Structure formats: structure tokens, C-alpha cells
Amino acid sequence: MPRTDRVLRPFWLHQCAEYLIGLVLVAMGLQSMEPAVPTIAGGLVLLNAALVDGPLGAFRLFSRRGHRVADVVVIAGLAVVAVLPGLDLDATSRVLLGGSAAVLAVVWWNSAFETRRARTAAGDAAAPPQDRAEAIGRGAGRLAGHIAKAVRDRSKSA
């Protein structure tokens, strides 16, 4: 299925998933007999999530476009570390690193990297022009809301 035909998840959800996976890798690494590799990998995932200019970004050093490329590098790095035979890792750490790479790949594939402004501008251009009936309906709804607010305020002050 082409990427444009699917419903993409918001970017804050992408960042949440990265933070969660990074914390799991760090926690697992600290419980492992050889903690260096999983802990560093988890720290790299956390740093990748924190440096982007998204809603949950801590430092906002690079754009979502740059983060999209960095995600591929991090995912590839996790996958390579999981299968690299020269590293002294136990089987659990290898499975966790490989599984984390797979989950991050799925999250990456289903994420919307555009900003909200870019998505709404594209949606506005594709939306049909507002007709008169819809404008009247919206106006009536606003009027009803204002009347309800006035009645509520009046009853509170009485």
C-alpha cells in the first residue's frame, strides 16, 4: 500500500514510542551482565527522540526531516548491533535490540513527519468550498452556544 493512502500517526505518538523503547533498552541494559551495548543503544534512541523539534522534543536541534533520516540510521544501527557476532551480548539483549529495531521501523513507517501547519494547509486546499447551508448551520450553532453561555452566566450571578 502506498504511503499516501494510509492514515499516518501523529508525530507526538512517534516520539512517545521512541522514548518508551529507549527507556526499555536502558532498563534492560542495566539489568544485563554486559550493560554497555544495550544501555548505549537505549541512550541513542532517547537522544534521537529528544533532539527533534517535535512536540515532545527536549532540545529541538534538528527538523523532522532530519529526524526521519536519523531514525533510519538508528534503526539500522540497532539491527546491526543485534546480529554482530563480535560483540559480547547475551541472547536476550540481542533479541531485545532486534525487536526494538523492528518496532521502531514499524513506528517510522506509520508516522506523519509533517508539521500540523503543513498538513492543515494541504487539507484546506483539498477541501471543497464551504456552501451556504453549512455556513448557516455553523452560524446557528455559534448563536445557540452564545445564548447558552449567557443564560449560564446569568444564572450564576443571580
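Residues are numbered from 1 along each chain as its sequence is written, and side-chain values use heavy atoms, with hydrogens and water left out. Because the model is predicted, local features need pLDDT of at least 70 and side-chain atom pairs count only at pLDDT 80 or more, whereas totals for chains, interfaces and linings use all residues.

Two packed helices are described by the angle between their axes and the distance between the axes. For helix H1 (residues 11-31) and helix H3 (residues 64-83), the axes come within 13 Å and cross at roughly 30°. H1 is therefore roughly parallel to H3 (angles under 35 degrees count as roughly parallel). Here helices are DSSP runs (H or I, at least four residues), numbered from the N terminus, and axes are lines fitted to C-alpha atoms over the stretch in contact, with angles from 0 to 180 degrees between N-to-C directions. In the contact (heavy atoms within 4.5 Å), Phe-11, His-14, Glu-18 and Leu-25 of H1 meet Arg-64, His-67, Asp-71 and Leu-78 of H3. By class, this contact of H1 with H3 holds 3 nonpolar, 2 polar and 3 charged residues (Ala, Val, Leu, Ile, Met, Phe, Trp, Tyr, Cys and Pro count as nonpolar, Asp, Glu, Lys and Arg as charged, and the others, Gly among them, as polar).

The largest nonpolar core has 16 residues, and those with the most contacts inside it are Leu-25, Val-45, Ile-75, Leu-78, Leu-97 and Leu-104. H1, H2, H3 and helix H4 (91-109) each give two or more residues to this core. Such a core is a set of buried Ala, Val, Leu, Ile, Met, Phe, Trp, Tyr and Cys residues joined through side-chain atoms within 4.5 Å. Apart from its neighbours within four places in sequence, Leu-78 is in contact with Leu-25, Ala-41, Val-45, Leu-97, Ser-100, Ala-101 and Leu-104.

Helix H2 contains Asn-48, which is buried, with a relative accessible area of 6% (buried means under 20%, exposed over 50%, partly exposed in between, with a 1.4 Å probe and protein chains only). Not counting residues up to four places away in sequence, Asn-48 touches Glu-18, Phe-62, His-67, Ala-70, Asp-71 and Val-74. Gly-43 is also found in helix H2 and is partly exposed at 31%.

Most residues other than glycine have a negative phi. Arg-60, in the loop between helix H2 (36-50) and H3, has a positive phi of about 55° although it is not a glycine. Arg-60 counts as partly exposed, at 44% relative accessibility.

Notes: Angles under 35 degrees count as roughly parallel, over 145 as roughly antiparallel, 65 to 115 as roughly perpendicular and the rest as oblique.
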